[in-house]
Amino acid sequence: MKSVEQIKAAIEAAVPGAGVEFVPNPGPAAEHSLRLAPESAVAVATFLRDDADLAFDFLSNVTGVDWPDKEIAEKVQVTHQVTKTVDGPQGKVDQQVEETVEETRKHVEPGCLEAVYHLYSIAKKHGPLVVRMKTANRTDQVELPSLTPVWRSAEFQEREIFDLYGIVFRGHPDLRRLLMWEGFKDHPMRKDYVEPDDFEYEPTAHDQVLKRAHEHKSREQGSGVRDQGTAGA
Amino acid sequence: MTIAETKSERLEGWNRPPVIAPDGEGELLEVAMGPHHPSTHGVFRMDLALDGERVIRLKPVFGYLHRNHEKIAEQASYLASMPYTDRLDYICSLTNNWAYALAVEKLAAQAVPERAQYIRVILAELTRIQNHASSIGFLIQEMGASGTPLMYAFKEREKILDLFESLTGSRMMCNYMRFGGCRVDTSAAWLDAARKVVAGLPAFVDEFEALLSSNEILMARCQGVGILKPDLAVNAGVSGPMLRGSGVNYDIRKVDRYGIYDRFKFRVPLGDHGDVYDRYMMRILEMRESIRILEQALKEIPAGPIMDPKAKIRGFRPKPGEAYGRIEAPKGELGFYLISDGGPNPYRYRVRPPSLINLTVLEDMCLGQNVADVVLIFGSVDIVLGEVDR
């Protein structure tokens, strides 16, 4: 098989403006991957499938990865102009002094959701090629193009990602939840998912569960709305 | 028809299920087959629309056995997920162990000693034989032959499970493999017992085939039913005996040569028509090839350690990176995708379940067929719900 860099060059030659990015894998497995731009992903995927040399006809695995917003703390040397009162020959004098202080600055690196595809070729018996796409953020811009029209094996797997991660696949023929029930609201595989506190809707003999159920009921008194879905209700 | 030939004739949407029009007489009958239908191998539902006996629409419904295995594994250490992989495809816990161990070994660049590799091959091929035997048994059971072929299969399966039990302590939930080797060594007595079981297997397959393969009812019910075209099978990610039943030569044991499969002589059986009968025949023939592998492995197994001395049991933290490891499990390609962030837990842990992905084409195979054949076609896919829903 061609190396990932060669495949990147082949894609760029065939699909103008593909915007493919090389993503190195630092681990010992060294399965480097290519990040596709969502706009050209379907064209690139079709090329990868139909090109006679590459012939990635078998999409083995599709999965999502959640990268939450990361707060990064950096220590920065900052120089301030400080006015100090100094004892001079004519009594006290104000003087401008430069002072260097170490400050901790925090900034939030926005997170994203990622879809990862593992491609193999049955015709040429090579692989894997890892391609990935990422969403703009984790909240409102979570659309990615669906690769189901190119590889049918993505059908259930993309539904699973939609269900568990909340990536919306544009162009998917039948995008519904796969494993959770209809009406379920959250996406359980996200890193910041909070389990509902009333899994046991009917209070049971367990003291802990009973206590949690009481707390839950008193919190939602009067609203008549439950957090999660309608199962059991 | 090869894959290359059909490519030029492809039209848009060629890999979607065909649209079957009702004949216009009478009304459509909507049937929810499952989740407690005896033929669904567990809790699985198919929403069918029937025009008389003909299937017009089929939508599989998943999730009845969902417990978010992946989330649980991401909250536990690498080793703590090993017993949990037993519960994915609970018929073949040892191949699940191997797939997970293989992925972690790839992630951490961990070597496996020779003897452990042989033990893994022996256990995986025994697992394949008992899985194929019982899956054929279930298929024939669903055809209406209540019990008899299934009991023939279970009789043999019991001998193999006894071997598993005496080695690992458990018949089905084996929890046997470790990153860099295996948990306990095989004794000489166990190897002798295994040789004895393997020596009896060809006679079992012969007997099984004499009972079934040329049976008129089986041929009438299975041949030409549930045809899966090779180009759709490839495009839909179908793997394992189902893919080879459609005539696509792809066996991960031959392609990836993981473990030590390059040392053994075995053939990859291929089907011609891609119908239920071919998938049945694949399993029979694969059992015969597995017996060949077992005979070679049990003859050649060397002495030596079963754990790599450099393997880390405690404080196992792979370097940041990711890896995808896959094996040819009895049901198809079982893969594990792991991302490590350097911590003791996997950052991302993904199971590529062959059972779920093989069901992608269930609708394509069933449309236009009789409702009684849906049971057969579904049975020929060979799934375990623990792996479908995870």
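Reader: What makes the ground rules here?

Author: This is a predicted model, where local features need pLDDT of at least 70 and side-chain atom pairs count only at pLDDT 80 or more, while totals for chains, interfaces and linings use all residues. Residues are numbered from 1 along each chain as its sequence is written, with chains lettered from A and ligands numbered from 1 in the order in which they are written.

Reader: Why are H5(B) and H6(B) called roughly antiparallel?

Author: Helix H5 (residues 114–143) and helix H6 (residues 148–168) of chain B have axes that cross at roughly 160° and come within 8 Å. Axes are lines fitted to C-alpha atoms, for helices over the stretch in contact, and angles run from 0 to 180 degrees between N-to-C directions. Angles under 35 degrees count as roughly parallel, over 145 as roughly antiparallel, 65 to 115 as roughly perpendicular and the rest as oblique. So H5(B) is roughly antiparallel to H6(B). The helices themselves are DSSP runs (H or I, at least four residues; strands are E, at least two), numbered from the N terminus.

Reader: Which residues make the contact, and of what classes are they?

Author: Among them are Leu126(B), Ile129(B) and Phe138(B) of H5(B), and Leu150(B), Phe154(B) and Ile160(B) of H6(B). Two residues are in contact if their C-beta atoms, placed from the backbone, lie within 7 Å. Nonpolar covers Ala, Val, Leu, Ile, Met, Phe, Trp, Tyr, Cys and Pro; charged covers Asp, Glu, Lys and Arg; the others, Gly among them, are polar.

Reader: What about H12(B) and H15(B): roughly parallel or antiparallel?

Author: The axes of helix H12 (residues 276–300) and helix H15 (residues 371–381) of chain B cross at roughly 30° and come within 10 Å. They are therefore roughly parallel. Val276(B), Arg279(B) and Tyr280(B) of H12(B) meet Leu376(B), Ile377(B) and Ser380(B) of H15(B), which gives four nonpolar residues, one polar and one charged.

Reader: What makes S6 and S8 of chain B edge strands?

Author: The order in this open, antiparallel sheet of three strands is S6-S7-S8. S6 and S8 of chain B each have a single partner strand, so one side of each is left without a neighbour in the sheet. The twist averages 10° from one strand to the next.

Reader: How do you know that S7(B) and S8(B) pair?

Author: Two strands pair if DSSP finds at least two bridges between them, and S7(B) and S8(B) have five, in the antiparallel sense. Gly335(B), for one, stands opposite Arg352(B) in S8(B). H4(B) lies across S6 and S7 of chain B, at about 150° to S6(B).

Reader: Where does chain B touch chain A?

Author: In total, 39 residues of chain B are in contact with 31 residues of chain A. Elements that each supply at least two residues of that side include H1, H4 and S6 of chain B, and S7(B) gives the largest share, five residues. By class, that side has 17 nonpolar, 10 polar and 12 charged residues.

Reader: What is the confidence in chain A?

Author: Its mean pLDDT is 82, with 90% of its residues at 70 or more; pLDDT is the predictor's confidence in each residue, from 0 to 100. Over residues 229–233 of chain A, pLDDT stays under 50.
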